[in-house]
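Visitor: Let's go through this one together. Show me the model first, then I'll start asking.

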Amino acid sequence: MKKSTLLNSDIAHLVSALGHTDEYTICDAGLPIPQHVARIDLALTHGVPGFLETVRVVLTESQIEGIILAEEFVTVSPDCHEALIQEIRKEETRSGKLISIQYLSHEEFKERTNDSHAVIRTGECTPYANVIFQAGVVF
């Protein structure tokens with residue numbers, strides 16, 4: 001059995017298969033997922049699992065160098081946005097690496113998910129609680 005926090009085999013496989021700059025998305029319950037992109041559906045009911053708790057667990061296994069967010073996230077769901085930024089800052093401290101933050105319109109964000117290796121769907125119901133992670137390297 002795995003020793004680390006992440007137990008979901010689909011997510012563990014995704015993280016282990018990523019190369020530098022590859023992208024994957026963690027999203028709320030409503031984000032449309034392109035048909036050709038792998039879907040890892042964790043959603044059980046409204047709010048379960050939550051967006052931030054999913055981000056926290058995935059970050060225990062995944063080295064990232066950048067994130068992409070929808071511009072609307074900042075104004076429509078400022079508390080959730082700020083909580084995500086705090087998690088990213090904690091990850092910077094843990095990893096000793098800077099993590100870039102890029103903003104796109106929500107429409108551009110949805111288009112960008114076409115390049116994701118997978119989309120991890122949570123039960124989150126907070127508007128715009130979506131993030132694209134860009135894989136980094138541990139060396």
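Visitor: Asn 130: buried or exposed?

Guide: Asn 130 is buried, at 2% relative accessible area. Buried means under 20%, exposed means over 50%, and partly exposed is in between, using a 1.4 Å probe and protein chains only.

Visitor: Before I go on, what are the ground rules here?

Guide: This is a predicted model; local features need pLDDT of at least 70, side-chain atom pairs count only at pLDDT 80 or more, and totals for chains, interfaces and linings use all residues. Numbering runs from 1 along each chain as its sequence is written, and side-chain values use heavy atoms, with hydrogens and water left out.

Visitor: Fine. Where is Asn 130 found?

Guide: In the loop between β5 (118-121) and β6 (131-135). Helices (H or I, at least four residues) and strands (E, at least two) are DSSP runs, numbered from the N terminus.

Visitor: What lies 2.9 Å from a polar atom of the Asn 130 side chain?

Guide: The backbone nitrogen of Asp 28. A polar contact is a pair of N or O atoms within 3.5 Å; within protein, one must be able to donate a hydrogen and the other to accept it, and residues adjacent in sequence count only if both atoms are side-chain atoms.

Visitor: And what else does Asn 130 touch?

Guide: Leaving out residues up to four places away in sequence, its partners include Ile 26, Leu 31, Phe 51, Ile 68, His 106 and Phe 109. Contact means heavy atoms within 4.5 Å.

Visitor: How many residues are in the largest nonpolar core?

Guide: It has 30, and Phe 51, Ile 67, Leu 84, Ile 120, Val 131 and Phe 133 have the most contacts inside it. Such a core is a set of buried Ala, Val, Leu, Ile, Met, Phe, Trp, Tyr and Cys residues joined through side-chain atoms within 4.5 Å. The largest share, 5 residues, comes from α2. Another core, of 10 residues, lies apart from this one; Ile 33, Val 37, Leu 104 and Ile 132 are among its members.

Visitor: Which residues of α2 are buried?

Guide: In α2 (residues 51-59) they are Phe 51, Leu 52, Thr 54, Val 55, Val 58 and Leu 59. Their arc around the axis is only 160°, so they sit on the same side of α2. The arc is that of the directions from the helix axis to the C-beta atoms.

Visitor: Zoom out. How many helices and strands?

Guide: The chain has 5 helices and 6 strands. Its radius of gyration is 14 Å, close to the 14 Å that the globule rule gives for 139 residues, so the chain is as compact as a globular protein of that length. That radius is taken over C-alpha atoms, and the rule is 2.2 Å times the number of residues to the power 0.38.

Visitor: What about phi of Thr 21?

Guide: Near 75°, a positive value in a residue other than glycine. Thr 21 is in the loop between α1 and β1, and is partly exposed at 45% relative accessibility.
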